[in-house]
Amino acid sequence: EIRELVSSMVGGYLPTMDEMEFLLSLDWEGAQVLLEGARKVKEELFGPEVHIRGIIEFSSHCSGRCLYCGLRADNRDLARYRMEEEEIVRCAEEAIGAGYMSLVLQSGEDGWYDRWTLGRVIERIKGIKDVAITLSIGERSYEDYRYLRQAGADRFLMKHETADQGLYDRLHPHSSFRRRLECLTQLKELGYQVGSGFMVGLPGQTLRSIARDVLLLKKLDVDMAGIGPFVPHPRTPLGDQPAGDPFLVLKTVALARLLLRRPHLPATTALGVLDRRMRDWAFHGGANVVMQKLEPHRYRRLYDIYPKGVGEERSIAEEREELERALESMGLRVARDRGDAVRV
Ligand code: SAM
Ligand code: SF4
C-alpha cells in the first residue's frame, strides 16, 4: 500500500490529508519507501548536485518576540552584536574568494539597518561578483522590499513557521499570520525568488497541521523551503518544551519533495544540530541544499536562536573545503553555479 501510494506520488498524484498523515506516521522501515520516492524526484530534477549557500548572520538585535526564538527582544540575557557595513562586505568578499556563488544575509528584525544601508551592502557585494543574494531580515515595509530588490537582492527567505493560524498568532505576539502572508505575497510580486518553510515539533502542532504546512508551501508556489525541527531555547517561554523529532523532519522533507517537486530544499542547520546523521540522511530523501555560516565565530556564538556548538575557528575557505569533502563522500556533487530557482 505504501509502495503504491508513493509511486503514484512520484508520478504526480496529489495525496489526501489522510494519506499525508499516514506517510508522516510511518516507522523507519516504511519510511524508506517514502525517502526513495523523494530521492527519485530530486535526482530527476537536480541529479546528484547539492548547493552550498553561505549565510552571514549580520545582526542579533531583534524587535520581534517569537515565543520560540532566543533572539527575541524579551531575552535580556544575551549580548547582542551588529556587523558594520564594511565588515559584512569583507566577509562576503572572502566567501566569494572561497567559491561561494550564493550568499544569504540574515538578521533579527533590526531597524538599525535602514534600506539605504542594506542597499549599499547589496550593491557593493554585487560589484565584486554577480553572486545570488538572498535576504532573510523578517517583516519590513513594501517600500523597503522594493528598494532592496532594485538594489540587486535576488531572493528572500521568510518562513511561514506554521500554517495553523491560531498557533501562529499565539507564537507571534508582535505580528500575525495575515501579516506574514502579506509580506510573502509582496515579495513574490516584486520578483524575488521566495523561500518559505516551517518548524516541525512546535508545541500544539499535529501531523495534520504539518500536512497543511506542506500544502501551504504548494499554494505559495515557493522556490525554496526550509523545514527544520523546533529546538527549545532555555531563555524563551517555550524553553521547557521537547524538541521536534528529527525523524519526523526527515519524513516531512521527503513528503515536501514529492508534493512540491521543484523548490530547493535544505537539509537544515537545526536538523544537523539535533542529529547530524539525520541531516545527512535528508540528502538521500529529497534535500539538495546546505547552509554554511560565514561570520566570525565570536558572532556565531551570540547568534543564539537555539543552543548549538560552534566548533573550532577556521577560515571560510577551510570550512568550505571540509564541507565539500563531507558532501562528496556521501556521493553528492557540489554545484558551482548560483543555484537559481528551477521551473518545471
Ligand atoms: N528574523 C528573521 C525571521 O524571523 O524571518 C530571520 C531570522 S530568524 C532567526 C530565522 C528562522 O529561525 C526563523 O524563520 C525560525 O524558523 C527559526 N527559528 C527561530 N527559533 C527557532 C527555534 N527555537 N528552533 C528552530 N528554529 C528556530
Ligand atoms: Fe526575531 Fe526572527 Fe527570532 Fe522572531 S525568529 S525573534 S523575528 S530573529
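Colleague: Which residues in helix 3 meet Lys 251, Ala 254, Leu 255, Arg 257 and Leu 258 in helix 10?

Modeller: This is a predicted model. Helix 3 covers residues 28-46 and helix 10 covers residues 246-260, and their axes come within 8 Å. The residues of helix 3 that meet those of helix 10 are Ala 31, Leu 34, Leu 35, Gly 37, Ala 38, Val 41 and Lys 42.

Colleague: How many nonpolar, polar and charged residues has the contact of helix 3 with helix 10?

Modeller: The contact includes Leu 34 and Val 41 from helix 3 and Leu 255 from helix 10. Divided by class, the contact has eight nonpolar, one polar and three charged residues.

Colleague: What is the orientation of helix 3 and helix 10 to each other?

Modeller: The two axes cross at roughly 45 degrees, and the crossing of helix 3 and helix 10 is left-handed. Angles under 35 degrees would count as roughly parallel, and 65 to 115 as roughly perpendicular. Helix 3 and helix 10 are therefore oblique.

Colleague: Is Glu 161 buried or exposed?

Modeller: Glu 161 is placed in the loop between strand 4 (155-157) and helix 7 (165-171). Although not a glycine, Glu 161 has a positive phi of about 70 degrees. A residue with 20 or more other C-beta atoms within 10 Å counts as buried. Because Glu 161 has 22 C-beta neighbours inside 10 Å, it counts as buried.

Colleague: Where does Arg 261 lie?

Modeller: Arg 261, which is not a glycine, has a positive phi of about 65 degrees. With 18 C-beta neighbours inside 10 Å, Arg 261 counts as partly exposed. Its place is the loop between helix 10 and helix 11 (269-274).

Colleague: Why does Leu 14 count as exposed?

Modeller: Leu 14 lies in the loop between helix 1 (2-10) and helix 2 (17-24). Leu 14 counts as exposed because its C-beta neighbours inside 10 Å number 12.

Colleague: How many residues surround ligand 1?

Modeller: The shell around ligand 1 has ten nonpolar, six polar and three charged residues. The closest are Tyr 68, Cys 69, Gly 138, Lys 159 and Val 231, and the number of residues surrounding ligand 1 is 19.

Colleague: How do the residues of the shell around ligand 2 divide into nonpolar, polar and charged, and which count is given for each?

Modeller: Ligand 2 is surrounded by residues including Cys 62, Cys 66, Cys 69, Arg 72, Glu 109 and Gly 138. The shell around ligand 2 divides into four nonpolar, three polar and two charged.

Terms used:
Residues are numbered from 1 along each chain as its sequence is written. Chains are lettered from A and ligands numbered from 1 in the order in which they are written. This is a predicted model: local features need pLDDT of at least 70, side-chain atom pairs count only at pLDDT 80 or more; totals for chains, interfaces and linings use all residues. A residue is near a molecule or strand if its C-beta atom, placed from the backbone, lies within 6 Å of it. Ala, Val, Leu, Ile, Met, Phe, Trp, Tyr, Cys and Pro count as nonpolar, Asp, Glu, Lys and Arg as charged, and the others, Gly among them, as polar. Axes are lines fitted to C-alpha atoms, for helices over the stretch in contact, and angles run from 0 to 180 degrees between N-to-C directions. Helices (H or I, at least four residues) and strands (E, at least two) are DSSP runs, numbered from the N terminus. Angles under 35 degrees count as roughly parallel, over 145 as roughly antiparallel, 65 to 115 as roughly perpendicular and the rest as oblique. A crossing is left-handed if the near helix is turned anticlockwise from the far one by less than a right angle, and right-handed if clockwise. Two residues are in contact if their C-beta atoms, placed from the backbone, lie within 7 Å.
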